[in-house]
Amino acid sequence: MPTAIIADDERLMRDLLRTRLSQVWPDLEIIGEAKNGDEAVQLVDELKPDLTFLDIRMPGKTGMEAARDIGDASQVVFVTAYDQYAVEAFERGAIDYVLKPPEPERLKITVERLKERLATPAQAATASVNVSDTVTAMLSQLAEKIAAPKPKYLQWIQASIGQDLRMIPVEEILFFRSDEKYTCVQTEKFEALIRKPVRDLAEELDPSLFWQIHRATLVNVNAIEGVTRDIRGRHLVLIKGRQEKLEVSRSFLHLFKQM
């Protein structure tokens with residue numbers, strides 16, 4: 001049974017990758033997880049995994065630096081949101097380079113490459129780490145994404161529902177509402193939790209789609225049914241199809257003058 005470790009500083013992304021790998025490669029055993037490059041190098045030394053799935057941008061030792069230290073001790077696959085490192089990744093001997101969030105269909109291609117490499121260890125040990133025709137072919141699969149303009153704002157949210165991880169497109173989210181510890185992510189069908197505060201989300205979401213109406217609340221403009229006032233004179237946002245009424249702070253009332 002092949003073994004692997006996962007290194008990523010985001011727990012939700014480690015959980016997602018573990019889940020997706022179990023779907024496309026049930027026989028693969030994940031024997032360890034690391035939160036940074038230093039831990040990844042240490043785990044490879046201790047556990048001797050066949051494969052190492054590395055994020056590139058991590059605190060401390062980066063994925064690239066970790067790959068250099070790991071060398072031939074484990075086959076490396078980079079899983080990252082930053083496609084500009086593709087050529088360097090292959091130059092460091094990476095078997096593949098997968099963009100976040102890792103989609104099952106793309107991981108199936110990676111799994112086939114890994115199985116082929118593990119089946120011919122002698123050939124893998126003597127393989128050159130320079131960019132070859134095979135690597136060029138791999139890079140061509142990234143060309144469309146590399147050439148495409150980078151989204152300026154968040155396109156999806158990683159959120160927990162019990163023990164499960166969900167990848168939620170932002171346009172499906174009705175509103176975000178924070179308490180002292182968590183931020184609630186509300187869609188039409190379910191509620192999920194994240195740890196990112198509203199003040200950070202407000203900087204990362206498209207302001208034309210999400211309005212901050214309170215220090216603890218962001219609302220999807222397309223989900224707003226109207227605005228009302230209660231007997232205390234507070235302004236409340238009505239959400240389409242729901243009973244919740246979200247309070248509007250005075251400093252954000254100007255958003256509704258046009259309505």
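Q: Is Asp 38 buried, partly exposed or exposed in this model?
A: Burial is read from relative accessible area, where under 20% is buried and over 50% is exposed. In this predicted model, Asp 38 has 39% relative accessibility and therefore counts as partly exposed.

Q: Which residue forms a salt bridge with Asp 38, and how far apart are the closest N and O atoms?
A: Side chains of opposite charge can pair when their charged atoms come close. Here Asp 38 pairs with Lys 61, and the closest N and O atoms are 3.8 Å apart. Lys 61 has 18% relative accessibility, so Lys 61 counts as buried.

Q: Which residues are linked with Asp 38 and Lys 61 in a network of salt bridges?
A: Arg 68 and Asp 69 are linked with them in the network. For the structure as a whole, the number of salt bridges is 17.

Q: Where do Lys 100 and Asp 55 lie, and what does their pair tie together?
A: The side chains of Lys 100 and Asp 55 form a salt bridge, with 3.5 Å from N to O. Lys 100 is in the loop between β5 (96-99) and α5 (104-119), and Asp 55 is in the loop between β3 and α3, so the pair ties together parts 45 residues apart in sequence. Lys 100 is buried at a relative accessible area of 15%, and Asp 55 is buried at 3%.

Q: Which residues of α3 are buried, and where do they fall when seen down the axis?
A: The buried residues of α3 are Gly 63, Met 64, Ala 66, Ala 67 and Ile 70. Seen down the axis of α3, these residues fall within an arc of 160°, so they line one face of the helix. Just after α3 comes Gly 71, with a positive phi of about 55°.

Q: What describes the protein chain overall, in helices, strands and burial?
A: The protein chain has 8 helices and 15 strands. Of its 259 residues, 44% count as buried. The accessible surface is about 14,600 Å², and 47% of that belongs to carbon and sulfur atoms. Among contacts between residues at least 6 apart in sequence, 51% join residues at least 24 apart.

Q: What is the average pLDDT of the protein chain, and where is the pLDDT below 50?
A: Where pLDDT is low, the predicted coordinates should not be read in detail. The protein chain averages a pLDDT of 83, and 83% of the residues score at least 70. Over residues 124-139 the pLDDT is below 50, and this stretch has 15 contacts in the model beyond near neighbours in sequence. Residues 141-148 also stay under 50, with 10 contacts beyond four places in sequence.

Definitions and conventions. Residues are numbered from 1 along each chain as its sequence is written. This is a predicted model: local features need pLDDT of at least 70, side-chain atom pairs count only at pLDDT 80 or more; totals for chains, interfaces and linings use all residues. Side-chain values use heavy atoms; hydrogens and water are left out. Helices (H or I, at least four residues) and strands (E, at least two) are DSSP runs, numbered from the N terminus. Buried means under 20% relative accessible area, exposed over 50%, partly exposed in between (1.4 Å probe, protein chains only). Contact means heavy atoms within 4.5 Å. Accessible areas come from the Shrake-Rupley method with a 1.4 Å probe; for residues, only the protein chains shown count as cover. pLDDT is the predictor's confidence in each residue, from 0 to 100. A salt bridge is a side-chain nitrogen of Lys or Arg within 4 Å of a carboxyl oxygen of Asp or Glu. The arc is that of the directions from the helix axis to the C-beta atoms.
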